[in-house]
Amino acid sequence: LLGPATGSLSLPKVKATCAGSEIDRVCRLSAAVDGSDLQDLMDLQVGYLNHTLNTATWAANISVLQDWKLLTIFSGLDDVVFYNQTDNSKEPTAADLFAHNLDLLLQSVYKAFPRTFVNLMLLPENFFPSVTTARFSCKFFKWYTVRAGIHWTETKDWIPAIKEFNQIILRLAKAWKAKGLDDFGVSVQPFMKEAQLTPDDMDSVDCFHPNLASHQRMAVAL
């Protein structure tokens, strides 16, 4: 297996892919970007994967055209909980735009990486959005992020938007399967949809990201 991340970033950055020596030392083919929405996946992460796979010395024996690749996409929550400061509605990404961006993302992945099996992970529907303010540290984190320029949507909109996005993911996976491609597959991984998430499953500082134990359970399920 070639490409898994091998460590931790010294200083993770919001809206930026791995860079410099940490590409080879840490990230490799993990293109995760903190704070990314589907638009960022198209603008940043597909390009990162393409460049890294074609230039890294440790991938010199890999053929982008001939070798099969496995790509897992877990995205959409940032489209739910954050809004662009230019959006006067201050609501989650519109469903039709989310669907459009996800289909464009799959098109760009297919163009860049033939012979790829794509895992689309469903988003969690069973949690209380109030978890983000469950403790003082959580409230402080959210207060700090607002002052740092992060724009949060209303928590009452989160679960309805997540459920709508999950239906879009299911619909697009079915549509791509119907294409009958023999060099590209799209499959849905449903385990997060029914996950019962509590404050104990979240990071103790920001109460928003999964903690280590949750990540380990996700890895096993995947």
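These questions and answers cover the disulfides and one lysine of a predicted model.

Biologist: How many disulfides does a search of the whole structure find?

Modeller: Cys18 and Cys27 form one, with sulfur atoms 2.3 Å apart. Cys138 and Cys207 form another, with sulfur atoms 1.8 Å apart. Both distances fall within the 2.5 Å cut-off for a disulfide. The search of the whole structure finds two.

Biologist: Is the link of Cys18 and Cys27 right-handed or left-handed?

Modeller: Look at the angle about the S-S bond. For Cys18 and Cys27 it is 85 degrees, and the link is right-handed.

Biologist: Which parts does the pair Cys138 and Cys207 tie together?

Modeller: The link of Cys138 and Cys207 is left-handed, with -50 degrees about the S-S bond. Its parts lie 69 residues apart in sequence. Cys138 sits in helix 5, and Cys207 in a loop, so the pair ties helix 5 to the loop between strand 5 and helix 7.

Biologist: Is Cys138 buried or exposed?

Modeller: Buried means under 20% relative accessible area. Cys138 has 0%, so Cys138 is buried.

Biologist: Where is Lys193 placed?

Modeller: Strand 4 covers 184-189, and strand 5 covers 196-197. Lys193 is in the loop between strand 4 and strand 5.

Biologist: Why does Lys193 count as buried?

Modeller: The cut-off for buried is under 20% relative accessible area. Leaving aside neighbours within four places in sequence, Lys193 is in contact with residues including Leu122, Pro124 and Asn166. Lys193 counts as buried because its relative accessible area is 19%.

Conventions. Residues numbered from 1 in each chain as written. Predicted model: local features only at pLDDT ≥ 70, side-chain atom pairs only at ≥ 80, totals over all residues. Heavy atoms only, no water. Helix = DSSP H or I, 4+ residues; strand = E, 2+ residues; numbered from the N terminus. Buried < 20%, exposed > 50% of the residue type's maximum accessible area, 1.4 Å probe, protein only. Contact = heavy atoms within 4.5 Å.
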